[in-house]
Amino acid sequence: MSGLRYLLIGAYFGFVLVKAEVVSWYRIQEMFRFDAFHMYGVIGSALVVAAITIWAVRRFGLRNHAGEPIEIETMEPGWRRYAYGGVLFGIGWALTGACPGPIAALIGAGLWPFTIVFAAAWLGTASYGLMRARLPH
Amino acid sequence: MSEFVELLRSPWPWYLAGPAIGAMVPLLLFTGGRRFGISSSFRHLCAATGVRADYFRYDWRREGGWNLLLVAGIVLGGALAGMLLTDPNPVAIAEATRADLTAAGLTLDDRLAPREIFSLAGLLTPAGFVAMIIGGFLVGFGARWAGGCTSGHAITGLAELQRGSLIAVAGFFAGGLVTTYAIWPWLFS
């Protein structure tokens, strides 16, 4: 089973998230107050690495480990789901100080109250699934 | 040796941390053809726990097993960095933020999140309840509505030049600013 590789990549990511302090509620507060460059530097330079990767995949038609071409799908058109969902997510992010990856990393780092945040996020996702048909997308 | 441990314990500057996070995109694309994104794990978790909605009716093991393992790995990595190689110093945030939060009456402690808000006792206060329960709910709800979170939209989606991701990231920021300048001052007052 190739699952071990994802466990290892995840462990690498969790380690980096804590070392970068992007899991810290204080750092998120600082970011939304424009008081420091740290978070912008982290997200910006991560984006640069990601963008070079995607550019190379498109430009050279790069393939994955199994030799299959990597396809980059275009997201569905429209703006409502991105705008409405994005704003709600942003409010949640600034309240908890953690997006989904950091919630998991914080639980690992021993901040047990984030299991409650995790459960609330599960409930939020479940609620979205239940009322999805009635929401604008 | 102690200097090496010291280095492992200390936080990383943005120019090391950012590219290390961005490396998740090639790591997942080239080793498994997977697109970097974390919040779908909550959808797979809902499917695995049997939430009854069409949205959760699919083979979650096949489509989302890798994503759930990734999240399990994040917990382990967080434990390694946060419990074994703990940074003994408090997070060095900007003086302006520190002054602002202190003036609002918050006790800044040496953890990654203030204990006053993120604890069982905090859950019984308005700020703690809103931050943990409402905040967590909105993270889960908003990420699925928008079709991604910070990783899927702000990193992968923007790198792919997706129009939807640009709208979503603008939304993340708008929501964050509303919270910082309207909701938090109200909660702290």
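What percentage of the 137 residues of chain A count as buried? Select chain A to begin: 55% of its 137 residues count as buried, a residue being buried if 20 or more other C-beta atoms, placed from the backbone, lie within 10 Å of its own, exposed if 12 or fewer do, and partly exposed in between.

This is a predicted model, in which local features need pLDDT of at least 70, side-chain atom pairs count only at pLDDT 80 or more, and totals for chains, interfaces and linings use all residues. Residues are numbered from 1 along each chain as its sequence is written, while chains are lettered from A and ligands numbered from 1 in the order in which they are written.

**Chain A**

Colour chain A by secondary structure. Along the principal axes, the C-alpha atoms of chain A fill a box of roughly 45 × 40 × 40 Å. Of the contacts in chain A between residues at least 6 apart in sequence, 43% join residues at least 24 apart, with contact meaning that the C-beta atoms, placed from the backbone, lie within 7 Å.

**The domains of chain B**

Next, select residues 1-86 of chain B as domain 1 and residues 91-189 as domain 2; such bounds come from an automatic or database domain assignment. The centres of the two domains, taken over C-alpha atoms, are 19 Å apart. Nine residues of domain 1 of chain B contact 10 residues of domain 2 of chain B.

**Helix α8 of chain B**

Now select residues 150-159 of chain B, helix α8, where nine of the 10 residues are buried. Among them are His153(B), Ile155(B) and Ala159(B). Show also what covers these buried residues: from chain A the cover includes α3 (38-60) and α5 (100-108), and from chain B α2 (14-22), α3 (24-32), α7 (126-146) and α9 (163-188). Just after α8(B), Leu161(B) adopts a positive phi of about 60°.

**Confidence**

Finally, colour chain B by pLDDT, the predictor's confidence in each residue, from 0 to 100. Its mean is 94, and 99% of the residues of chain B reach 70 or more. For the complex, the predictor gives an ipTM of 0.96 and a pTM of 0.96.

Terms used:
Two residues are in contact if their C-beta atoms, placed from the backbone, lie within 7 Å. Helices (H or I, at least four residues) and strands (E, at least two) are DSSP runs, numbered from the N terminus.
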